[in-house]
Amino acid sequence: MVSAVPGHPLALGHQTRVRLRAAVHVLLDLDGLDGAVDAVRLAVVVLASRTPSETGVVEIRTPELGRWLGLSASYTASVVVPALRRSGVVSVDVASGDFGQDVGLECRVLPLWAAQNVVGHPLALAKKEYATLLRLLEAVMAPGWAHRDGRVTPAGLLGTRTGRGAATDRLALLLLVLEARETGRVRQCGGTVDTKRGRAAATVARLLKCTVSAGERVLERLEDLELVLRVRLRTGSGMRNRSRLMVPAVAAAHGRTVAVDGQEDCAEALKAESSDPDVAAMPGESTGSGTELQVTGELVADGADVAEPDVAASLHADHPHLLAQVVDLSLSGGFSGEGRGGEGRRPERACAGEGQVSDVRGSAAGPGSRVAEGGPLRGEKPKEFPVDERVDQRAAGGGANGWLKAVGGVKTQQQRVALPDDLRLRVALGPVSWLWQRLSRWQQDHVEAAVKAELAHLTGLGVLVEGAPRLLADRLADRLGETGGEALVSKPFGWLIGRGLARRPSCTDPRCDDGIRLDTSTDCQNCGNVIHSRRAQRAQFAAQIDREFPSFADDERRQLLENRMREQAAIEAADFVWRREQARAEKSRRDAGCAAAREQAEHERRAAAAVDAARQTLACEDCGRQQAGGLCEACGYGRRTECLMAEASLIAATWAADLDDHDDVAAVEASVRTALAADVERARREFLELVEPGELDGDPVATASALAFSALQAMEQAVPEFRSSALRRLGQTEEAEDEARRAYRTEQGRRWFQHNPRGADAVAAATRAAEAARERTARHLLGARLEQLRTTVLVPAEKPAAVPWAVRLPELAARPLDCDTAGTLPV
């Protein structure tokens with residue numbers, strides 16, 4: 001072993017490697033880059049690495065960007081830059097050259113800039129992380145520079161590789177460097193692969209998201225440049241076995257050497273202290289600790305950590321033994337081992353001695369028992385399958401396009417990766433988009449329903465409809481900040497439902513959440529009052545203790561103060577319980593009172609309905625028609641007509657008769673009634689002329705009602721005419737004239753008309769005031785004289801005594817029957 005190179009760009013720590021790997025894969029998996037060529041995808045990564053953390057704007061010339069990609073300036077300007085614009089991932093402002101070409105570029109990687117203030121987002125990189133990523137890209141693909149002072153910056157590993165496929169090779173080497181461990185070994189993908197191509201080619205293909213044949217060609221080109229090695233292991237019998245994919249530059253940066261051949265031992269199993277999950281190269285994977293399971297800490301040729309083929313499950317898979325729980329930082333990349341999650345056990349298989357496998361605590365499971373936390377053996381069925389375990393046990397095969405994923409022990413399920421289409425939900429779930437990607441379809445539906453319910457709750461508390469999603473997003477970001485980021489959330493569904501979306505009131509105010517008012521986004525005043533009260537109470541207890549026990553030491557005084565505060569808290573809790581019980585009892589009493597009131601109202605409604613039903617069975621008081629409700633329609637119209645006729649006669653008497661002379665009033669009343677009777681008769685004739693002959697013969701009751709209604713309409717038209725005539729006549733009386741003259745003089749003598757009391761404005765205003773006064777006087781005289789006629793002059797006629805039915809029945813019996821009732825009586 002050689003010593004490590006201090007400060008080497010390829011010597012990344014475990015956490016830094018995981019962080020940068022997650023950021024790079026997020027950039028490459030953006031929706032705008034679907035179907036883009038590798039040169040465009042690599043250009044996004046290059047621009048992201050050169051992004052200043054303060055402004056987010058990258059200033060670069062087109063030829064310089066082409067040198068980073070290994071492409072010509074013309075190809076970069078004609079293909080790469082337009083593709084960046086169309087993708088929507090990068091905003092590009094250009095400064096044209098002498099011939100109109102795009103030379104100076106001002107680029108901003110929009111998702112990278114938008115994620116800067118989002119806590120826990122993979123693209124929320126710090127300034128030092130930007131610098132580390134840039135140094136890594138310089139070590140991998142820097143084109144090299146000659147400085148003015150004579151210094152020369154050497155090119156990177158692929159800095160001199162240009163032309164066709166250069167961008168693809170650079171991108172592949174960058175991804176392999178990010179996947180490589182300190183020993184230079186790259187974890188290969190699991191599952192079934194094309195045996196003609198090999199597992200290493202399949203691993204490169206999955207990283208680049210291309211076909212296996214294209215991945216093999218890329219791998220061969222990197223091997224020809226001696227940047228990647230495929231080391232073939234040997235078994236104890238001398239036969240060659242599995243191959244390993246190595247990046248020698250990474251191993252050299254960490255002070256390790258790579259052997260071109262390796263002897264594989266067959267006796268020892270893998271060490272149990274590793275917490276790295278057995279998955280292949282995955283986007284943004286978090287492996288837990290620096291000690292990685294499938295790579296030794298020494299030379300590759302040392303096979304002490306390699307499992308014997310007879311012990312391992314199969315030669316193709318990379319299955320760990322006795323793993324601790326890990327945190328999955330990203331979606332499944334389709335690699336072996338992920339389906340088991342972080343339960344820390346081997347896959348069950350049917351072979352001798354299987355029941356003796358030790359669990360994490362070191363206890364041996366008996367034969368036939370469930371190993372590693374009750375997992376079923378082959379042929380056994382699990383009793384239950386918790387939801388979060390299904391998420392942790394997603395198997396390989398699903399990608400970012402929402403493909404079907406095979407879940408261990410569960411039928412194939414569909415997983416949605418993108419956020420919901422609803423814009424309000426997308427804004428609210430923006431800070432936890434990675435957690436959303438780790439949910440199953442069932443969990444996403446439940447989380448979506450919970451978010452909608454919380455948005456409705458926030459709106460009900462007075463939050464603006466357009467501000468509720470942003471408020472919920474801030475809450476989720478704060479919760480992630482407390483947790484430490486999305487990478488530390490092991491069970492996303494439980495975290496979202498139980499912690500992320502849950503409101504945490506600090507006081508009794510329903511609008512309070514962590515001491516912040518939801519409707520105003522300010523500090524909760526009620527929480528401030530509670531804190532102030534507790535501090536005042538603590539100060540009061542401290543003063544009492546100082547008076548009662550002045551000789552106590554600080555520790556004794558503090559202990560006594562805490563005891564009294566605890567006692568006071570217990571008293572307040574008991575008081576709160578009592579008040580809550582009182583409130584429940586009061587609510588029960590109110591509910592009982594409301595129920596009694598509703599019952600009483602229902603009883604009164606039923607009684608009123610019974611009375612109305614009984615009234616409907618009564619005969620008409622005037623004509624005696626049965627089932628008329630006490631008064632038939634025709635008689636009701638007749639009564640209203642008579643009242644209007646009496647009102648019209650009184651109105652006419654107010655100006656046409658001497659109110660003190662009863663005979664004069666009676667004469668006026670008689671003449672008015674005669675005129676109104678003539679109007680009623682004329683209205684009836686007009687109605688009969690409009691009706692077809694014989695149309696009214698079939699229903700005498702309807703005919704009588706129609707005639708009575710015609711008379712009522714004639715009276716309703718005559719009464720307003722009588723009132724207008726009376727007001728006009730009363731307005732000409734001496735009282736009205738005097739009032740009009742006084743109003744005229746008063747208005748003319750206003751101070752604003754004193755300079756010209758006879759001017760046009762003054763005369764017009766005085767005339768309007770006089771007319772208004774005359775009208776008021778006429779209305780007053782009409783009301784006063786009507787009241788006099790009703791109360792003093794006219795003595796109300798006594799209501800005739802009710803005639804008993806024994807007297808009225810013979811008279812009614814003598815009336816002829818109509819055609820409807822005549823046929824029902826026996827002859």
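## Ground rules

Helix axes here are lines fitted to C-alpha atoms over the stretch in contact, and angles run from 0 to 180 degrees between N-to-C directions. Helices (H or I, at least four residues) and strands (E, at least two) are DSSP runs, numbered from the N terminus. With that in hand, take α2 and helix α6 (residues 127-141): their axes come within 8 Å and cross at roughly 130 degrees.

This is a predicted model, where local features need pLDDT of at least 70 and side-chain atom pairs count only at pLDDT 80 or more, while totals for chains, interfaces and linings use all residues. Residues are numbered from 1 along each chain as its sequence is written, and side-chain values use heavy atoms, with hydrogens and water left out.

## The overall picture

The protein has 25 helices and 13 strands. Of its 827 residues, 41% count as buried; buried means under 20% relative accessible area, exposed over 50%, and partly exposed in between (1.4 Å probe, protein chains only).

A contact means heavy atoms within 4.5 Å. Looking at contacts between residues at least 6 apart in sequence, 60% join residues at least 24 apart.

## Around helix α2

Back to α2 and α6. On the α2 side, Leu42, Val45, Val46, Ala48 and Ser49 do the touching, and they meet Tyr130, Leu133, Leu134, Leu137 and Met141 in α6. Sorted by class, that contact has nine nonpolar residues, one polar and no charged. For the classes, Ala, Val, Leu, Ile, Met, Phe, Trp, Tyr, Cys and Pro count as nonpolar, Asp, Glu, Lys and Arg as charged, and the others, Gly among them, as polar.

Helix α1 (residues 14-28) also packs on α2 (residues 38-49), with axes that come within 9 Å and cross at roughly 135 degrees. So these two are oblique as well. α1 passes α2 in a right-handed crossing; a crossing gets that name if the near helix is turned clockwise from the far one by less than a right angle, and left-handed if anticlockwise. Val24, Leu27 and Leu28 of α1 meet Arg41, Val44, Val45 and Ala48 of α2. That contact splits into six nonpolar residues, no polar and one charged.

Helix α4 (residues 73-87) packs against α2 at an angle of about 70 degrees, with the axes 9 Å apart. That makes α2 roughly perpendicular to α4. Here Ala39, Val40, Ala43, Val44 and Leu47 from α2 meet Val80, Ala83 and Leu84 from α4. The tally is eight nonpolar residues, no polar and no charged.

Leu47 and Leu84 turn up again in the largest nonpolar core, which has 74 residues: together with Val90, Leu176 and Leu222, they touch the most other members. A nonpolar core is a set of buried Ala, Val, Leu, Ile, Met, Phe, Trp, Tyr and Cys residues joined through side-chain atoms within 4.5 Å. Leaving out residues up to four places away in sequence, Leu84 touches Val40, Ala43, Val44, Leu47, Val89, Val90 and Val92. In soluble globular proteins, nonpolar side chains tend to be buried together.

## A buried glutamate

Glu216 is found in helix α9 (residues 212-224). Its relative accessible area is 14%, so Glu216 is buried. Setting aside neighbours within four places in sequence, Glu216 is in contact with Lys196, Arg197 and Ala201.

## Positive phi values

Most residues other than glycine have a negative phi. Glu226 is not a glycine, yet has a positive phi of about 60 degrees. Glu226 sits in the loop between α9 and β7 (229-234), and is exposed at 63% relative accessible area.

Asp514 also has a positive phi, near 55 degrees. Its place is the loop between β12 (512-513) and β13 (516-517), and its relative accessibility of 35% makes Asp514 partly exposed.

## Two pairs across the chain

Gly13 lies in the segment before α1 and is partly exposed, with a relative accessible area of 34%. Gly13 and Glu182 are 169 residues apart along the chain, with their C-alpha atoms separated by 8.5 Å.

Asp612, in helix α18 (residues 554-616), is partly exposed at 36% relative accessible area. Asp612 and Gly629 are 17 residues apart in sequence and 8.3 Å apart in space, C-alpha to C-alpha.

Note on methods. Parallel < 35°, antiparallel > 145°, perpendicular 65-115°, else oblique.
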